[in-house]
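Colleague: I am new to this structure and would like to learn how to read it. Could you take me through a few features?

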Amino acid sequence: MRLWTWAATLIVAAAVSGCATTTTPAKVAEAKADAPAAPAKPKPLPPGLDPMARADAFPSTYRPMPSRPTAVVGASVFTGTGQLIENGVVLVKDGKIEAVGAGLAVPAGYETVDAHGKWVTPGIIDAHSHLGVYASPAVQANSDGNELTNPVTAEVWAEHSVWPQDPGFNTARIGGVTTLLILPGSGNLIGGRGVILRNIPARTVQDMKFPDAPYVLKMACGENPKRVYGSKGRAPSTRMGNVAGYRAAWINAADYQRRWDEYRAKVAKGEKADPPKRDLGLDTLSAVLRGEILVENHCYRADEMAQMIDISKEFGYHVAAFHHAVEAYKIADLLADNHICVATWANWWGGKMEMLDGIEANAALVNAAKGGCAVIKSDDPDLIQRLNQEAAEALAAGRAAGLQITEADAIRWITSNPAKAIGIDKQTGSLEPGKRADLVIWDHDPFSIYARTDRVYLDGAISYDRHDPRYQPRSDFDLGQPGEGVR
């Protein structure tokens with residue numbers, strides 16, 4: 001990277017004694033010559049070179065699709081806040097939820113959508129996807145999710161691998177997914193930044209990038225990193241090697257943060273200072289320490305999750321969510337006490353040793369803990385099309401275990417809770433006035449095996465309609481598939 005130097009302007013203070021009538025030009029010149037120079041005042045770095053300026057080098061260019069005032073009338077409405085409204089009305093205006101309630105009057109000029117006998121939910125949010133970075137067709141040329149060249153690759157960003165034309169985005173939208181977090185893979189201790197996307201057809205990843213959403217950092221513990229690097233004869237090759245690797249990375253990040261803090265303090269006092277050399281990986285890690293980037297941590301076992309919590313406390317950051325986390329039910333109270341969400345499945349079990357204690361009621365037991373935050377996610381291009389069914393399995397397993405869980409509560413596992421886990425709950429995830437009008441109309445109860453999406457809205461605009469070919473975007477890779485495709 002080109003290094004920039006900045007010249008400082010020297011300010012000379014003239015010490016002039018006596019009154020004007022006794023001060024001669026010679027004395028003024030002498031005083032100027034003897035006066036000490038003021039400290040050099042360096043200019044701050046431009047935003048693109050100063051990691052503390054939080055400059056967005058790859059800004060969102062997302063623009064909502066055109067929408068019109070709309071009233072969805074007569075449905076059973078799951079709000080995503082734990083409430084079910086029968087004979088509900090959802091009013092949408094200017095891409096936002098205007099009002100939600102039973103039997104609301106429809107204002108003049110609104111398009112009325114008759115949803116009697118149907119169900120409405122917030123748009124589904126997948127808090128763990130690899131669409132675009134492991135794009136279809138699944139060939140090596142499209143395998144861009146893991147930078148397996150170093151155990152710590154905080155410098156890489158998933159968005160730089162995302163292929164927006166991955167046909168998986170279209171099929172996910174058919175399944176009701178309106179927003180998704182794209183993560184790097186789990187082969188490294190620290191795998192890099194993830195990016196939150198709006199699920200619209202787009203030419204560039206910036207066109208999909210969720211405005212004002214936080215970045216996240218993908219971390220991974222357990223078998224994956226120790227297997228990848230142990231097989232290469234490198235560290236880490238054990239779980240204790242994993243932990244040493246995290247701690248070393250955070251020590252480096254804290255030192256980097258300190259050097260930048262010292263530089264900026266000197267600049268603020270007008271002192272001459274040379275900025276530290278930027279490091280892309282440490283930029284990301286120091287932003288985590290400042291609370292600007294959320295940590296999403298792949299971790300299966302309960303004991304390892306507890307250790308990762310201790311590491312986060314040692315270095316002063318917070319884990320937003322543990323992902324996969326099939327043993328979260330064993331420490332549901334600990335996770336709730338630390339305000340950590342759990343992004344998991346219902347029936348993924350036994351793929352490796354650390355998955356052997358996975359149970360279908362995992363999410364339900366996490367939900368049952370006071371303050372628990374359960375999330376159902378995909379990690380898979382097929383499952384992302386059926387997250388409602390995965391949530392239904394977890395709900396059924398929880399009820400079979402004796403837990404009292406309503407459908408209105410469980411719908412949060414695929415709507416408002418993932419929004420919370422990835423830091424966008426102020427904008428979407430529930431049908432509340434002022435939030436983005438992301439909603440799905442279902443032809444059956446969404447927890448039914450027979451449920452299909454009738455219509456999907458993003459920011460109040462129709463993004464999919466099962467009955468209207470104009471709103472059924474297709475990829476070249478879908479050619480030859482009969483009917484509506486993969487649902």
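Predicted model: local features only at pLDDT ≥ 70, side-chain atom pairs only at ≥ 80, totals over all residues.

Colleague: Thanks! Which residue does Cys221 form a disulfide with?

Modeller: The general idea comes first: a disulfide is a covalent bond between the sulfur atoms of two cysteines. Here, Cys221 is joined to Cys299, with 2.0 Å between their sulfur atoms. This pair links distant parts of the chain, 78 residues apart. Cys221 sits in the loop between β9 (215-220) and α4 (223-230), while Cys299 belongs to strand β10 (residues 293-299). Cys299 has 0% relative accessibility and therefore counts as buried as well.

Colleague: How many disulfides does the structure hold?

Modeller: There are two. In the other one, Cys341 and Cys373 are bonded, and their sulfur atoms lie 2.2 Å apart. Cys341 is in strand β12 (residues 341-344) and Cys373 is in the loop between α9 (362-368) and β13, so this bond ties together parts that are 32 residues apart in sequence. Cys341 and Cys373 are both buried. The link between them is right-handed, with 80° about the S-S bond.

Colleague: What pattern do the disulfides follow along the chain?

Modeller: Count the bonded cysteines along the chain, and the pattern reads 1-2, 3-4.

Colleague: Now the helices. At roughly what angle do the axes of α5 and α6 cross?

Modeller: For a pair of helices, look at how their axes approach and cross. The axes of α5 (residues 239-268) and α6 (residues 280-289) cross at roughly 85° and come within 9 Å. Angles of 65 to 115 degrees count as roughly perpendicular, so α5 and α6 are described that way.

Colleague: Which residues meet where α5 and α6 are in contact?

Modeller: On the α5 side they include Trp250, Asn252 and Tyr256, and on the α6 side Leu282, Asp283 and Ser286 are among them. The residues of this contact divide into nine nonpolar, three polar and one charged.

Methods
Residues numbered from 1 in each chain as written. Heavy atoms only, no water. Disulfide = S-S within 2.5 Å. Helix = DSSP H or I, 4+ residues; strand = E, 2+ residues; numbered from the N terminus. Buried < 20%, exposed > 50% of the residue type's maximum accessible area, 1.4 Å probe, protein only. Axes fitted to C-alpha atoms, helices over the stretch in contact; angles between N-to-C directions. Parallel < 35°, antiparallel > 145°, perpendicular 65-115°, else oblique. Contact = heavy atoms within 4.5 Å. Nonpolar A, V, L, I, M, F, W, Y, C, P; charged D, E, K, R; others polar.
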